[in-house]
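Student: I have a structure open and would like to learn how to read its features. Could you take me through it, starting with charges and rings?

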Amino acid sequence: MSNLTDLDKNSGTSASAGASASGIYMQHLAADGTALWTTNGKPLSGSPQGQVSPQLASDDSGGVIVVWEDRRTDAGDIYAQRIDASGNIRWTAGGVPITTA
């Protein structure tokens with residue numbers, strides 16, 4: 001897993017995720033680096049307590065699964081979200097808890 005992953009090795013498109021004080025954001029990138037989704041990326045979680053360390057893995061269908069450490073409960077839980085090739089959020093809004101303390 002990484003912060004950048006290939007979505008389609010034939011076209012060169014990739015996905016990138018980043019964390020900020022206001023949440024986790026996802027972006028689909030063309031081979032030349034052009035953003036293909038909204039300008040600042042799609043928000044995956046916007047909990048005000050913060051999210052850190054996003055990691056990506058291709059779902060082998062043109063989409064991506066993102067996991068991150070989430071501090072919405074101050075415990076540093078692990079959450080995940082799946083985004084399909086069209087940029088649609090596929091799992092519960094705000095992410096699905098994988099492990100909770």
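Student: Which residue lies over the face of Y79?

Tutor: A charge sits over a ring if NZ of Lys or CZ of Arg is within 6 Å of the ring centre and within 35 degrees of the ring normal. Here R72 lies over the face of Y79, at 3.8 Å from the ring centre. K42 is placed over the face of W37, at 6.0 Å from the ring centre. Please keep in mind that this is a predicted model: local features need pLDDT of at least 70 and side-chain atom pairs count only at pLDDT 80 or more, while totals for chains, interfaces and linings use all residues. Residues are numbered from 1 along each chain as its sequence is written, and side-chain values use heavy atoms, with hydrogens and water left out.

Student: How many aromatic pairs does a search of the whole structure find?

Tutor: A pair of aromatic rings is described by the distance of the centres and the angle of the planes. Rings of Phe, Tyr and Trp (its six-membered ring) pair if their centres lie within 6.5 Å; planes under 30 degrees apart count as stacked, over 60 as edge-to-face and the rest as tilted. The search gives one pair. The ring centres of W68 and Y79 are 6.5 Å apart and the planes stand at 20°, so this pair is stacked. W68 belongs to strand 6 and Y79 to strand 7 (residues 77-83), eleven residues apart.

Student: Are W68 and Y79 buried or exposed?

Tutor: Buried means under 20% relative accessible area, exposed over 50%, partly exposed in between (1.4 Å probe, protein chains only). Both W68 and Y79 are buried.

Student: What is the strand order in the open sheet of four strands?

Tutor: Strands of a sheet pair through backbone hydrogen bonds, either parallel or antiparallel. Strands are DSSP runs (E, at least two residues), numbered from the N terminus, and two of them pair if DSSP finds at least two bridges between them. The order here is 5-6-7-8, with antiparallel pairing. Strand 5 (51-58) and strand 8 (96-99) stand at the edges with a single partner strand each, so one side of each has no neighbour in the sheet.

Student: How many bridges pair strand 5 and strand 6?

Tutor: Six bridges, in the antiparallel sense, join strand 5 to strand 6 (residues 64-70). Along strand 6, V64 stands opposite S58, and I65 is the bridge partner of A57.
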